[in-house]
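This briefing is for a reader who is meeting the structure for the first time. The sequence and the model come next, followed by notes grouped by topic.

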Amino acid sequence: MRKPFVAGNWKMNTDSRSSVALATGVAEGSVESAGQNVDVAVCPPFVYLRAVAGAVSSSSVAVGAQDIYFEEKGAFTGEISASMLKDIGCTYALCGHSERRHVIGETDELVNKKLTAAIAGGLLPILCVGELQSEREGGQTEEVVARHVKEGLAGLSAEKVSAVTVAYEPVWAIGTGLTATPDQAQQMHAFIRKLLSDLYDNKMADAIRILYGGSAKPGNAAELMSQGDIDGLLVGGASLKAEDFLGIIQAAV
Ligand code: PEP
């Protein structure tokens, strides 16, 4: 039985005051649901991670980073390592978010290095995969998602991959207000789970959590999560208001 997981990706939003207020609101509001019935995480900008980790420390809300670098330390100006993230109380790290793939230009190879470093450093990576609108229209959805999954996890044993959460995020649905229908999302989640079973084994594929991301909100969360292979949600815009994010968490309980 996979425990539902709801993670909020704050992207490049909030400031020192509002990040703590939002984290406190989520921690206080999810006191009853988070932890026992659903795992909850928030992923603030790097500079607010420490303050947010402090704000949620007496709750079961976990903290995640939006990115990570694969080297441990040294001359990598501007980058942040797994051990630094662990040091300030991070549990999760997003790897390969579509904005990093398509705005910053991250390749599957780089995503794989980051994900491998996250696991080695004791973090739980969330591997984001998903097709562009043009790729969906061109009939390449499965090919693109299979490549993101295979290359993102390249070189990792089933045991290592058990630390990973996969997030299926069709790029055309991120921040656009367009949501994949529950059927469209379920179809891709089942495809990813079957792929994991072929790459590894049934046991591992059955245990791994696959989140949906793309304009999730309180009004569509329950229906999305009622699908057999949708184990939770990665939430962008709607994670920036405690009330909306808590509504989504409630839908997962
Ligand atoms: C995301 O950034 O991962 C995301 C799913 O964003 P939104 O919910 O705003 O579409």
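Ser 157 is found in the loop between α7 (141–152) and α8 (158–161), where helices (H or I, at least four residues) and strands (E, at least two) are DSSP runs numbered from the N terminus. Ser 157 is partly exposed, with a relative accessible area of 36%; buried means under 20% relative accessible area, exposed over 50%, and partly exposed in between, with a 1.4 Å probe and protein chains only. The C-alpha atoms of Ser 157 and Ser 57 are separated by 32 Å, and the two residues are 100 apart along the chain.

This is a predicted model, in which local features need pLDDT of at least 70 and side-chain atom pairs count only at pLDDT 80 or more, while totals for chains, interfaces and linings use all residues. Residues are numbered from 1 along each chain as its sequence is written, and side-chain values use heavy atoms, with hydrogens and water left out.

**Nonpolar cores**

- A nonpolar core is a set of buried Ala, Val, Leu, Ile, Met, Phe, Trp, Tyr and Cys residues joined through side-chain atoms within 4.5 Å.
- The largest such core has 65 residues, and those with the most contacts inside it are Leu 153, Val 164, Ile 192, Tyr 212 and Leu 233.
- Leu 233 is in contact (heavy atoms within 4.5 Å) with residues that include Phe 5, Val 6, Leu 211, Tyr 212, Ala 221, Leu 224, Met 225 and Ile 248, once its neighbours within four places in sequence are left aside.
- A second, separate core has 12 residues, among them Phe 5, Ala 41, Ile 126 and Leu 234.
- In soluble globular proteins, nonpolar side chains tend to be buried together.

**Helix α11 and its surroundings**

- In helix α11, which spans residues 218–225, the buried residues are Asn 220, Ala 221, Leu 224 and Met 225.
- Seen down the axis of α11, these buried residues fall within an arc of 125 degrees, so they line one face of the helix; the arc is that of the directions from the helix axis to the C-beta atoms.
- On the other side of α11, Gly 219 and Glu 223 are exposed.
- The cover over the buried residues of α11 includes α9 (182–199), β7 (210–213), β8 (232–235) and α12 (242–252).

**The crossing of α1 and α12**

- The axes of helix α1 (residues 16–29) and α12 come within 9 Å and cross at roughly 35 degrees; axes are lines fitted to C-alpha atoms, for helices over the stretch in contact, and angles run from 0 to 180 degrees between N-to-C directions.
- On the α1 side, the contact is made by Leu 22, Gly 25, Val 26 and Gly 29, and on the α12 side by Ala 242, Phe 245, Leu 246 and Ile 249.
- The residues of this contact of α1 with α12 divide into 6 nonpolar, 2 polar and no charged, where Ala, Val, Leu, Ile, Met, Phe, Trp, Tyr, Cys and Pro count as nonpolar, Asp, Glu, Lys and Arg as charged, and the others, Gly among them, as polar.

**Buried residues in helix, strand and loop**

- Lys 114 lies in helix α5 (residues 108–120) and is buried, with a relative accessible area of 3%; leaving out residues up to four places away in sequence, Lys 114 touches Asp 67, Ile 68, Phe 70, Cys 95, Arg 100 and Glu 106.
- Pro 125 lies in strand β5 and counts as buried at 0% relative accessibility, and the residues it touches, not counting those up to four places away in sequence, include Ala 93, Cys 95, Leu 115 and Val 164.
- Gly 130 lies in the loop between β5 (124–129) and α6 (133–137), is buried with a relative accessible area of 4%, and sits 7.6 Å from His 148, C-alpha to C-alpha, although the two are 18 residues apart in sequence.
- Val 38, in the loop between α1 and β2 (39–43), also counts as buried, at 0% relative accessibility.

**Positive phi values**

- Most residues other than glycine have a negative phi.
- Lys 11, in the loop between β1 (5–9) and α1, has a positive phi near 50 degrees and is buried, with a relative accessible area of 19%.
- Ser 215, in the loop between β7 and α11, has a positive phi near 55 degrees and counts as buried at 17% relative accessibility.
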